[in-house]
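Have a look at the structure first, then read on.

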Amino acid sequence: MAEITNIHAADTLTRINRQTFETIYNLYWDKVYAVCYNNIREIEPAKEMVQDIFKSLWERRAELELENVSNYLIRSAKFKTFEYIRNKVSREKHICIKYQGCTHSTNCTEEHINYNNLKENVNLLVDTLPCQCKKVYRMSREQGMSNKEIAIALFISERAVEYHITKSLAALRQRLSNYSE
């Protein structure tokens, strides 16, 4: 019970162990989710962000001493959502640039339909990749993370990140060969 009191006290440091982690998780999961969801208005990505935040908290437990757990978690949630929004905006800009030339094309609707079909097929195929390949591919291609950032996040070498990206792209290329012109 003393550890729960320390979690709420602003003037004491909280060390993370199994018991305090479980307490923190139970006390703050809803609050962290609310911050994520209110910023992005998407249920699944918000849940994934919350899990990433708590995963990071657990993985960094040995080096963390928190003065105010609530502030730490809320700040983490805000950073996660800003990162998500930044990456989403970047992807959308890329798509807009890609299709700016489409307005001059007579087959714009057909190209747009083909693009959506291809995008859907890629997403389905990515889901069939082995777990680590799928994670690395999504972090690289969908979240825009560098190989170094991915290696740090997944606790693997940059060489392993390169391997997984190469493997996933080769699999996608092979399975999508009917889309090439």
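## A helix and its neighbours

Starting from the N terminus, the elements follow the order α-β-α-α-β-α-α-α-α-α. That's 8 helices and 2 strands, and keep in mind that this is a predicted model. The chain has 181 residues, and 29% of them count as buried. Take the contacts between residues at least 6 apart in sequence: 55% of those link residues at least 24 apart.

Now for helix H8. It runs over residues 158-175, so to speak from one end to the other in 18 residues, and spans 26 Å from first C-alpha to last, close to the expected 26 Å.

Which residues of H8 are buried? They are Val161, His164, Ile165, Ser168, Ala171 and Leu172. They sit on the same side of H8, because they cover an arc of only 135° around the axis. In an α-helix there are 3.6 residues a turn, so residues three or four places apart point the same way. Over on the other side of H8, you'll find Arg159, Thr166, Arg173 and Gln174 exposed.

Let's zoom in on H6. Its axis and that of H8 come within 9 Å and cross at roughly 95°, which means H6 is roughly perpendicular to H8. On the H6 side, the residues that meet H8 include Cys133, Val136 and Tyr137; on the H8 side, Ile165 and Leu172 are among those taking part. Sorted by class, this contact has 7 nonpolar, 4 polar and 2 charged residues.

Terms used. Residues numbered from 1 in each chain as written. Predicted model: local features only at pLDDT ≥ 70, side-chain atom pairs only at ≥ 80, totals over all residues. Heavy atoms only, no water. Helix = DSSP H or I, 4+ residues; strand = E, 2+ residues; numbered from the N terminus. Expected span 1.5 Å × (residues − 1). Buried < 20%, exposed > 50% of the residue type's maximum accessible area, 1.4 Å probe, protein only. Arc of directions from axis to C-beta. Axes fitted to C-alpha atoms, helices over the stretch in contact; angles between N-to-C directions. Parallel < 35°, antiparallel > 145°, perpendicular 65-115°, else oblique. Contact = heavy atoms within 4.5 Å. Nonpolar A, V, L, I, M, F, W, Y, C, P; charged D, E, K, R; others polar.
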